[in-house]
Amino acid sequence: MTVQNMKTGHIPVLLNEVITALPKKENALYLDGTFGGGGYSRAVLNHFPTSKLVAIDRDHTAILRAENFKKEFPNRFEAIEGTFSAMKEYCADLPWLKEEKCYGFDAIMLDLGLSSFQIDTAERGFSFKENGPLDMRMGNNAQSAEDIVNKASEEDLADIFYYYGEERCARRIARKIIQMRLEAPIKDTAMLADIIRSCVPPSKNKKDPATRSFQALRIAVNDELNEIQRVLEDAPTMLAPDGVLAIVSFHSLEDRLVKKAFSHLVSPTKGQSRYVPTKDASAKSSIWAVPSGYPISPSEEETKLNPRARSAHLRVLKKLSTSLRGARS
């Protein structure tokens, strides 16, 4: 399917594929757990004109953008500032969920990547394309990337780069950072990127040598994997019968968590792991399904229009209608 052109400058990844995966019903209730640039939310509200949608984002600037949606879609849109891992708590008293014949959300969507607004704002410190402060905080986290780089031990830094970035040169990078910060604090993205590049040989695919380490720091700063783990436990319990959980991931660590969680719900007797949800371990596999054809990756056309989409994967979990009995319990 062709990629919808977004006037905001932010192009939501696999947008048409996500919309296709959603249930088509009147007066549906949707949740966008990663509002970002609002691409998914706008497309859903336009495509399903009788629907209502709740958006969540931990980034205050995203919530400010969401204010315009309230005017554009009156009585159909609500925005909540916070982490998607706490969505169950935020929505506990949502009036829309208390309406008659509402058994939960008809779809929950999550895009686990950064928005273009975050990447392209140098002051946020997410990218080394332009120099900026070493921040990388998505919300009001107490600890920034600068704090970690300048205060963490060599062992902790190496673990961050190795486990969160799958960086083979993790120990070499950590050692170099310790050496350099003895001379002066490492405060900006350009300085850190240069340190990493001095430790990592160029790759055959021409990817910047600093890419994996910057990803690792961002994950550590925002506790991203634990956030994903918690939402994978709660989001399925918030779905209405025939509801779907659609998740777009961008690197192997994220995708592995999503794949294992979905597989565990569909076949809970398969190998247990500390990386999969536990709250629904006793649920009958008959109420969950992964539709055929998933995961889906971006088309060649989409990756040409939006190179940032190239590593994306869309996975979908469906709660079957056989789960209607006792849905409000």
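This report looks at one pair of helices and at several salt bridges in the structure above.

The model is predicted, so local features need pLDDT of at least 70 and side-chain atom pairs count only at pLDDT 80 or more, while totals for chains, interfaces and linings use all residues. Residues are numbered from 1 along each chain as its sequence is written, and side-chain values use heavy atoms, leaving out hydrogens and water.

**Two helices side by side**

Let us start with helix 11 (residues 224-234) and helix 12 (residues 252-266), whose axes come within 10 Å and cross at roughly 20°. Helices here are DSSP runs of H or I with at least four residues, and strands are runs of E with at least two, numbered from the N terminus. An axis is a line fitted to C-alpha atoms, for helices over the stretch in contact, and angles run from 0 to 180 degrees between N-to-C directions. Helix 11 and helix 12 are therefore roughly parallel to each other (angles under 35 degrees count as roughly parallel).

Which residues make the contact (heavy atoms within 4.5 Å)? Helix 11 brings Glu224, Leu225, Ile228, Gln229 and Leu232, and helix 12 brings Leu253, Glu254, Leu257, Val258, Ala261 and Phe262. Sorted by type, the residues of this contact are 8 nonpolar, 1 polar and 2 charged. In this sorting, Ala, Val, Leu, Ile, Met, Phe, Trp, Tyr, Cys and Pro are nonpolar, Asp, Glu, Lys and Arg are charged, and the others, Gly among them, are polar.

**Salt bridges**

A salt bridge is a side-chain nitrogen of Lys or Arg within 4 Å of a carboxyl oxygen of Asp or Glu. By this rule the count comes to 17 salt bridges. Among them are these:

| Pair | N to O distance |
|---|---|
| Glu99 and Lys52 | 3.4 Å |
| Glu146 and Lys187 | 3.0 Å |
| Glu227 and Arg230 | 2.9 Å |

Glu99, in the loop between helix 4 (87-90) and strand 4 (105-111), and Lys52, in strand 2 (residues 52-57), are 47 residues apart. Glu146 lies in helix 6 (residues 145-151) and Lys187 in the loop between helix 8 (170-183) and helix 9 (189-197), so this pair ties together parts 41 residues apart in sequence.

Glu227 and Arg230 both lie in helix 11, 3 residues apart, about one turn of the helix. Is Glu227 buried or exposed (buried is under 20% relative accessible area, exposed over 50%, partly exposed in between, with a 1.4 Å probe and protein chains only)? At 7% relative accessibility, Glu227 is buried, whereas Arg230, at 34%, is partly exposed.

Finally, Asp194, Arg197 and Asp208 are linked in a network of salt bridges.

Definitions and conventions:
Parallel < 35°, antiparallel > 145°, perpendicular 65-115°, else oblique. Contact = heavy atoms within 4.5 Å.
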